Amino acid sequence: MTASESTAATPEPLVLVARGEGELAGVVTLTLNRPRHFNALSEAMLDALQRALDDTARDPGARVVVLAAAGPAFCAGHDLKEMRAEPSLDYYRTLFNQCTRVMLTMQRMPQPVIARVHGIATAAGCQLVAMCDLAVAESAARFAVSGINVGLFCATPGVALSRNLTRKQAMEMLLTGDFIDAQTARERGLINRVVAIERLDSEVAALCRSILAKPAAAVAAGKGLFYRQAETGIEAAYQMAGQTMACNMMDECALEGVQAFIEKRAPGWAKPSV
């Protein structure tokens, strides 16, 4: 933790954790909370986010995760002042390994993660959006991997971008550092939906409700398979997918769902405990 973040001037946690209620019970919202620093990913922020993700991943009552941010921006990327204060190769390797662990945790946790994006999402902040399973942005949001503008090619964000956008679209962002608007981000596959700022929360809630209505076991198995198969050859991908679907079909929720379809009725899934 930096000196400024360890003082009484910053009494609130760097990541706020909130649980949904009522029909949104099962939704855990993690809010980046360094608004005066545009939620830059300091070492302390990465530590706090890692702990929050790990705790949520282990929580059987957590069904969906929303990644949000306080203040005027979603996330401005790494804390460059903090990075510049310790110019050593070992330090930078440790820092980027720490960030990579956060990114992979979001992808590997069983719960779908939805980015709620407002303002700017730049460099590692854009990487955060790309690593979430789904993303909803306000219409005024903007995205960039702008490290190249200060002589630093955004290599780690490039890993996430190249798995969301086409290669040429990703390279254009990486080589120019230019911003794209929310509509362009949606057209290129970085985000799912674009809405007016006043509808941002309701749109995220609508996605959450849709996921909450599905069996947790099927969602978790499907998410895990989706990313594993994407990183392998097509023959192995089909083998993994077939095995996953076979196991899924033996699950009580799938058996009930298929029987309900045959009988032309709504499935009688038990309401998940939260």
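1. Helix 9 (216-230) gives the most to the lining of the largest pocket, with nine residues. Helices (H or I, at least four residues) and strands (E, at least two) are DSSP runs numbered from the N terminus. On a 1 Å grid over the protein atoms alone, a pocket is an open set of points where a 1.4 Å probe fits, with protein on both sides within 12 Å along at least five of seven lines, and lining residues have an atom within 4 Å of a point.

2. The model is predicted: local features need pLDDT of at least 70 and side-chain atom pairs count only at pLDDT 80 or more, whereas totals for chains, interfaces and linings use all residues. Residues are numbered from 1 along each chain as its sequence is written, and side-chain values use heavy atoms, with hydrogens and water left out.

3. The largest pocket holds about 810 Å³ of space, a volume being the space filled by probe spheres set on the grid points, which are joined across faces, edges and corners. Its lining has 36 residues, and Gln107, Met131, Asp133, Phe226 and Tyr227 lie nearest the centre. Two or more lining residues come from each of helix 3 (89-108), helix 4 (124-131), strand 6 (134-138), helix 5 (155-161) and helix 9.

4. By class, this lining of the largest pocket comprises 21 nonpolar, nine polar and six charged residues. Here Ala, Val, Leu, Ile, Met, Phe, Trp, Tyr, Cys and Pro count as nonpolar, Asp, Glu, Lys and Arg as charged, and the others, Gly among them, as polar.

5. The chain is assigned domain 1 (15-212) and domain 2 (215-270), with bounds from an automatic or database domain assignment. Because both domains give residues to the lining of the largest pocket, the pocket lies between them. The C-alpha centres of the two domains are 28 Å apart. Their contact (heavy atoms within 4.5 Å) takes 12 residues from domain 1 and seven from domain 2.

6. Helix 9 also packs with helix 10 (residues 234-249), at an angle of about 175° and with the axes 10 Å apart. The axes are lines fitted to C-alpha atoms over the stretch in contact, and angles run from 0 to 180 degrees between N-to-C directions. The pair is therefore roughly antiparallel, a term for angles over 145 degrees. Helix 9 contributes Ala218, Ala221, Leu225, Arg228 and Gln229, and helix 10 contributes Ala237, Met240, Ala241, Thr244 and Asn248.

7. The second largest pocket holds about 580 Å³. Of its 28 lining residues, Ala76, Gly77, His78, Asp79 and Leu80 lie nearest the centre. Helix 2 supplies the largest share, four residues.

Notes: Parallel < 35°, antiparallel > 145°, perpendicular 65-115°, else oblique.
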